[in-house]
Amino acid sequence: MTDNAARSGAPHLSRDDLVVVIPALNEALRIREVVQGALAECPRVLLVDDGSDDGTAQCVADLPVTVLRHEQRMGKGASLRDGFAKALAMGARAIVTMDGDGQHLASDIPRLLAAANRYPHHIVIGARLRRRSQQPLYRRLANEFADWGIAWGTGYQLADSQSGQRLYPAAVAALTDVPGEDFVFEAQILISAAQQLGTRCVSVPIESRYKCVHMDEEFRPSHFKPLRDFSRITSHVVAGVLRRGGLIEMLGRIRANPALIDDPSGEFAPPMEPVQTRVP
């Protein structure tokens, strides 16, 4: 147990405490290697097949993985909700999420776990800070805009709020009144966790992995549609901010709480003592 975990009263997390949840829609291209990678890091992996029609679930039928299947597409938000509920029923003390398209490396899971033990009770985000030149410019700018927008709901700054590779404490995954569907859910759960539980995020630098001229890897076209989905996320967050009011006070909180980055190498942030777990 780390000193910080001991001070917070949080028991040390191990790989056996995790369940990896992988929401998937038509991911036959890469899903087998994604699941195999996850199994190499954690013994319990849960695939949520969101009505795929390309044989996604059949690609892993011989692997020791739990599969939930939606008979028709219900969206990423519903997949995560169902995955969280099943993972908690399996006894998970924390849940790691990964996309099924191969953009996330399972080999980063131990780093997320280490950060969770250094920053107990935090949501850990795998932030795409390394090799950012591979990330399309419009996506990078849109992600930075989303980070600032979501900060108005959380009261603190974030690094890569749009990353789908995360580690959620069980208490966050157990929240049952998180509004929003599809990709809005991933934004709202950060806000709901901050407002209801006082939970902050800490980011761990990972690689940006996109198809480009310097890579041979194939990735299917993203289900995320920047214009459509960012407009949904933005309108959702703005509506919540306007309902709560206190804009000047919130701006002060945001400025006083820069993004936390757990990077022992010191490349993206100097090594630092973990801060308090609750949002001031």
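I started with β4 and strand β6 (residues 166–169), which pair in the antiparallel sense over four bridges. Strands here are DSSP runs of E, at least two residues, numbered from the N terminus; two of them pair if DSSP finds at least two bridges between them. In this pairing Ile 95 stands opposite Tyr 168 in β6.

I noted the ground rules. The model is predicted, local features need pLDDT of at least 70, side-chain atom pairs count only at pLDDT 80 or more, and totals for chains, interfaces and linings use all residues. Residues are numbered from 1 along each chain as its sequence is written, and side-chain values use heavy atoms, leaving out hydrogens and water.

Next I checked strand β1 (residues 18–24): it pairs with β4 in the parallel sense over four bridges. Val 21 stands opposite Thr 97 in β4.

Which way do the side chains of β4 (residues 94–97) point? Ala 94 and Val 96 point one way, Ile 95 and Thr 97 the other, and all are buried (under 20% relative accessible area, 1.4 Å probe, protein chains only).

Then I moved to Asn 257, in the segment after α9 (247–256). I found Asn 257 buried, at a relative accessible area of 8%. Its side chain makes a polar contact with the side chain of Arg 200 (3.2 Å). Such a contact is a pair of N or O atoms within 3.5 Å; within protein, one must be able to donate a hydrogen and the other to accept it, and residues adjacent in sequence count only if both atoms are side-chain atoms.

Key:
Buried means under 20% relative accessible area, exposed over 50%, partly exposed in between (1.4 Å probe, protein chains only).
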